[in-house]
Amino acid sequence: MAWLHTWTGLVVGWVLYFVFMTGTAGYFDEEITRWMQPEAPLAATAAPFSSVEAVAKAQAILREKAPAADRWSIDPSWDRAERHWIISWANPPEPGAKDAASAGEDRPRNRRERLIFDPAAGDVHLPADMPEVRETDGGLGLYRLHYHLHYISEHSAILIVGFCTMLMFLAILSGVVTHKKIFKDFFTFRPGKGQRSWLDMHNIVSVTALPFFLMITYSGLIFFMYAYMPATMKVAYGVEHSWPNDGYSNPLNPRTNNRFDGARAAGGSRSEHMSEEPSAAPPAPLTNLASLAAEAERQWGEGAIGGISVLHPGRADARVTFIFLDNGLARNARKQILFDGVTGADISPPPFRQGTTWKVQNVLIALHEGLFAGPLLRWLYFLSGLLGCAMIATGLILWTIKRRQKQRGAGDSVSFRLVETLNIGTLAGLPLGVAAYFWANRLLPAAMEGRAAWEYHSLFAAMGAIFLAAVLIRPARRAWSYALWTVAAAFLLLPLLNAVTTDRHLAVTVPAGDWVLAGFDLTMLAFGATFAVAALKVRSKEATAPGRARPSGMAEVA
Amino acid sequence: MKADMQRRLAVTSRIIAGAVGGYALTSLIAIALLLVLQRLGMAKDEALLAPTLGSFVIYAVIVMTVFHARSATRAWLGLIGVSVPIALLVAILMQAGGGA
């Protein structure tokens, strides 16, 4: 069983390190995106506001600007780093346009208009008045790497990541079983003892966040389980993972399961309320949206309105749909409330039946995504993810150190050198790649064609450079030293680069109280400092053993 | 040298038993659970979801058992010994209708 732990860990360690690091960045995806779009305005300390009052103001604006519209939408921000709402409406097609529309497939849909709405101040801006931001995939791009990888098809990526995740799940379970003295060892740390220290560190890191690791690997398998375990679905519904519509209308998908069973579909579908046909009903005043918002907040909690859609405002058949800002862990299963737009009565269809297994699946997915997490818990997610990176890194280094001692005297075997090179290239190369992703964001011209793609290319090019260094520079300890210093410098200089290229740097963001932007720069400094300490440790060991024919590697680092 | 070769063969056999044999057995158990749960009156979508959610734990337990077994041969015998009755159960349930 110990054998199982060692080898499963080694085979997939590098991919998992990549998955863990990019996935961990995903917990701050929206914050990272804000930093990567420095053109966006500084977010002064957000004034608290009442959603109900904001909805009232939005209704007044829509009444004034879009009295003849066929549909209104009020969309609160789902983005933690963005407070503006969107107000939009669709005007009915112009009389002449109707014939043209029926003749060709080009439906007159371009009659939608939108405004940016500040829910606190209550004023609106034209989208054209907002500063144009540079093209970037931002934090979402990093987050997507953790299951979509890059340069390969999504389907292959899902299978590769799933395979590695399953082996990690095995490595964790067999690690626990192997480790009879797990709690005694947890309190054991023997620093400065080479292999012993690395083993202790691996144990401490692994056990500290063990519940998180178990949760994150198991729930990670659940997202695409139909791709990994297609047999049951084949038997039950006669379909495989390649269901039309690319998986989203899949019987196992928690978000769109209702079309497979009659009992679930009974409530009627969303498209029914979203008909594009203009209303023929007589005029009737629209009810007060603010009081409906108050009712929705009473059911869902404050700030839980994710969207409001008004169909046929000002007509007798007006319908108002409130959409729940779903954070995944809410007890309330109702995702929408449908109101009669004239009387204000709740005319929602009965909610879908949702059994225990669906709830289990929803909770697993919610725990993985952590959308419900407030600032404190979000940092805890982030730190747990970093501990995951540390667990994998210490495990991989431990593998080389154990074998390094056996290889003393003899030349390095090919497989040993391969593992060593992969360790340096990934463990130090990926952090450099992430830093390069941010550097590219500041250095590539803002108006450059395909600049988002080049941000990714920069990430992988930086990683490739470290791989090359790991191959060329001998002994491995020197390669480690160079690589770690480069990573440290890349992170430490990032706030400086930010100051040179933008006016969103610490000297501006800290006085302005914009802690999302300031927090990013400060976190980069902390990463830089951490890697500098690691690099210093490598060097000090090198200095204490000058000229001796000691084996290279990080063996005696700690 | 011969012993080394034998050891390698045994390890390879065990890996295949765990990865491939274990996966097949997991799928079989999940299908059996699906059919049994449906028989017991659980709605089809839930009867599908429950064993699929559980399958990863089942797989992990099977692989660990395979690696814990005294020899690769015993691991294979165990896998086959468990698979046969479950396959029979699945065949009977699907024959009796109520399957797909």
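**Sheet, helices and chain contact in a predicted model**

Me: Which residue stands opposite A:I86 in β3(A)?
Reply: Within the sheet, A:I86 is placed opposite A:I116 of β3(A). The model is predicted: local features need pLDDT of at least 70, side-chain atom pairs count only at pLDDT 80 or more, and totals for chains, interfaces and linings use all residues. Residues are numbered from 1 along each chain as its sequence is written, while chains are lettered from A and ligands numbered from 1 in the order in which they are written.

Me: What is the strand order of the whole sheet?
Reply: Seven strands of chain A form an open, antiparallel sheet in the order β4-β3-β2-β1-β5-β6-β7. β4 (124–125) and β7 (336–340) of chain A stand at the edges with a single partner strand each, so one side of each has no neighbour in the sheet.

Me: Which helices lie on it?
Reply: Helix α3 (residues 51–65) of chain A lies across β1, β2, β3, β4 and β5 of chain A, at about 35 degrees to β2(A). Helix α14 (residues 289–300) of chain A packs on the sheet, touching β5, β6 and β7 of chain A, and its direction makes about 35 degrees with that of β6(A). Axes are lines fitted to C-alpha atoms, for helices over the stretch in contact, and angles run from 0 to 180 degrees between N-to-C directions.

Me: Changing topic: which residues of α15(A) are buried?
Reply: They are A:T357, A:Q361, A:L364 and A:H368. They cover an arc of only 60 degrees around the axis, which puts them on the same side of α15(A); the arc is that of the directions from the helix axis to the C-beta atoms. Buried means 20 or more other C-beta atoms within 10 Å of the residue's own, exposed means 12 or fewer, and partly exposed lies in between, with C-beta atoms placed from the backbone.

Me: What covers them?
Reply: The cover includes α9 (210–223) of chain A together with α2 (44–68) of chain B.

Me: How many residues of chain B are in contact with chain A?
Reply: 23 residues of chain B are in contact with 29 residues of chain A, contact being C-beta atoms, placed from the backbone, within 7 Å. α2(B) gives the largest share of the chain B side, 16 residues.

Me: And A:L459, buried or exposed?
Reply: A:L459 counts as buried because it has 26 C-beta neighbours inside 10 Å. This residue is found in helix α18 (residues 451–472) of chain A. Its C-alpha atom is separated by 4.0 Å from that of A:G433, 26 residues apart along the chain.

Technical notes: Helix = DSSP H or I, 4+ residues; strand = E, 2+ residues; numbered from the N terminus. Contact = placed C-beta atoms within 7 Å. Pairing = 2+ DSSP bridges.
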